[in-house]
Amino acid sequence: MIVLPIYDMLLLPGVNFYFRKDVLSSMPVREFPDGEDVLFLVQNVDKRKSELEPEDFYEKGLIGRIENVDDEGNVSIRVTDRVIISDIEKKDDVFTASGSVCPLVEDISAEERQEKYKETKGSLIQFVQHFQWGVVARTFIQHWHTLSEMICAVSAYMNLTPEDKYEILATDSHRERTELIQNSIYEFIEMVKISGEAEHAQRETHEKAYRESALKKQISILQQELDDMHPENISDVRKFEKKIEKAGMNPEAENEAKKVLNRMKQEGKDSHEYGMLYDYLDFVTTLSWKKADPEPIDLKEAQDILDEDHYGLKKVKDRIIQQIAVMALKKKQSGSILLFVGAPGTGKTSIGQSIAKALHREYVRISLGGIRDEAEIRGHRRTYIGAMPGRIMEGVKRSGASNPVIVLDEVDKLASEYRGDPASALLEVLDPEQNFSFTDHYMNVPYDLSDVLFVCTANTADTIPEPLLNRMEVIQFPGYTAIEKFQIAKRHLLPKAMETMGIKKSSLKVTDDAIRMIISEYTAESGVRGLKKQMDILCRHAAVKLVRGDQKSITVSERKVSEFLEGRGIRHDKRMESALPGVVTGLAWTQAGGDILFIETSVTEGSGKLCITGQLGDVMKESVQIALTLTRSMFPEETAGWDEKHIHVHVPAGAVPKDGPSAGITITTALVSLAMQRPVPTDIAMTGEISLRGGVMPIGGLPEKLMAAQRAGLKRIFIPYDNIEDLEDVAEEVKSELEIIPVRRVEEVLQAAGLTGAAAGFNAAQVA
């Protein structure tokens, strides 16, 4: 069967098609025998025949039969049926295809069809009579017997787009096709009249409708032609029309965008609302609405990326690998929202970037610190001047994908006030049962956030509201040990600092002992943020020396560290050199990690007043009261004269605020030591809260406290018995240098510290 591609041409069944063979000289077909079938393929793009591909054709085409080929090479084809095209193939610029007949749905009677034909024909004859060429045109019109012949003959003169012509061909309803043809001819008539008959604006109601339709179509066509001629000057309306078509929005979002676009058309560029409407359309059409195909997940590759980017953090990385494995099995985002909790500089935010790299997704970081307005999360309503989308949707837009990894930084620093509670707004964002239809107030349409992997970070979970915390799985980031800091500095921080400063590897060498000295004497933190600053300072000083030409290569040894780093090293508290009655070493957790503190007590002549100094918070003040009461109840004879004494409890570094429920056991031991005038060995430290019954209650931040104890040179550490499981989070290098003793009651601590035996009210049998 002969296959002929056609473009921007309207053919319908029952119409004769004429052409000369030499017009198709580029076609491989040279002979058109009478009676041969011809298959017409309708192109959906304007391409040369040699460039056409099978996907460049519409689904429906036409089949015809060659009726005559005269001696002059004129070919006459009678179009017989519409067909549904299948199996299009191309070989050596020759197309082959097959098709099945696609009949019309006869939903209009022959009488009504004939009536519409006569009505349209009459209108067309009446129209051409006003022109000089009307006599000739009337003769041609008299030879047309159907609306199909009529539209095929005049379509070349009408402003019908290729899509309009194909719509007439493709419709399966005979009635709908008849109405399309009739409306197209009427619009054509009215469009021609518009050019020279503006004085006839007052027409009948149906003519007004056709006129308006013709004007809109003509404007659209002219604008489209201008846009095609000058793509760089494309109109805003046309630009957004194209973007809305390609965006793949859900129906609700698409309807809203089209409504705003229509309003933008009506308002015009001079309207004061034009800018707001433009910004809205620009935002929603830039969002990625289409579901992204899940990327294949390679668990080994993910593990390698996490190990390469972060040293240590084994439990954290194991939990992340578990999450990725579940996603690999389910082929979609699944599992809890991860909340990374730890001191600054422990890698909480950067590990989110590694997760994105492992999943081959886009990465976005959103800082929530200090946010007080709910609109920062949900967006502002467009009725307000300066309305903006919320940070969540802004982050999704910035990623350019529908499934990014979004790190929500510092969720513990959210605040609430009269403008709403942003933490409550986050509930819908993070809840997988709700966020598939998250509605930003600015967009006012739902957006599916279920494919987004949210990772949250915080320094502490204490200030996060309970409903929000319940939607997240807390993963603690322990502080780095000295060995881990050494490896991080050597593998990551120093090479990055050298690269940032433009220093070649051959130009600067920092010895291992120098790195260890920087860690021990110039930093005091759980993370490595301060260590990074010191590496940057060192590299900047080295850069000055290299640029001045003092040295071609520099080696920084332990002796030269102070020369390259600004200021003096940090003084760390060390264990006491000599033991004194009433002075005991405790352990404290800080946001920068762990530290030791000394509880100092003294008793002097006075009136039984208790004095507490050291800028202690309410919790620690209560611990002092409990410790004093417990000491007096356990050792009534030794404390008998305290009613007439002045008791002073002090925690050094008075300018530093201190608070937390973990110093009770230390204060009690110090008061007992004071009462019995027996010193506590200086290699002992302890942490834990107490009750009035003498029980030692659990505390938090154990890994950081034990690292501080190791750094201070302490040997025996008493911890609450209920914190034994927390020892799993403590590095082996720390545990190997400490004797860690879990205790249930205060008597166990006093006995081990050598403070029992002479106490009249102390019962050694109570020791567990």
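Predicted model: local features only at pLDDT ≥ 70, side-chain atom pairs only at ≥ 80, totals over all residues.
Residues are numbered from 1 along each chain as its sequence is written.

Q: How do H10 and H12 cross?
A: Helices are DSSP runs of H or I with at least four residues, numbered from the N terminus, and axes are lines fitted to C-alpha atoms over the stretch in contact, with angles from 0 to 180 degrees between N-to-C directions. Here the axes of H10 (residues 299–309) and H12 (residues 348–359) come within 9 Å and cross at roughly 150°, and the two helices are therefore roughly antiparallel, a word used for angles over 145 degrees.

Q: Which residues of H10 and H12 meet?
A: Contact means heavy atoms within 4.5 Å; Ala 302, Ile 305, Leu 306 and Asp 309 in H10 meet Ile 351, Ser 354, Lys 357 and Ala 358 in H12.

Q: Which residues of H12 are buried?
A: Buried means under 20% relative accessible area (1.4 Å probe, protein chains only), and in H12 the buried residues include Ile 351, Ser 354 and Ala 358. Just after H12, His 360 has a positive phi of about 60°.

Q: Where is Ser 288, and is Ser 288 buried or exposed?
A: Ser 288 lies in the loop between helix H9 (274–286) and H10, and Ser 288 is buried, with a relative accessible area of 19%. Leaving aside neighbours within four places in sequence, Ser 288 is in contact with Gly 400, Ala 401, Ser 402 and Tyr 447.

How values were computed. Heavy atoms only, no water. Parallel < 35°, antiparallel > 145°, perpendicular 65-115°, else oblique. Buried < 20%, exposed > 50% of the residue type's maximum accessible area, 1.4 Å probe, protein only.
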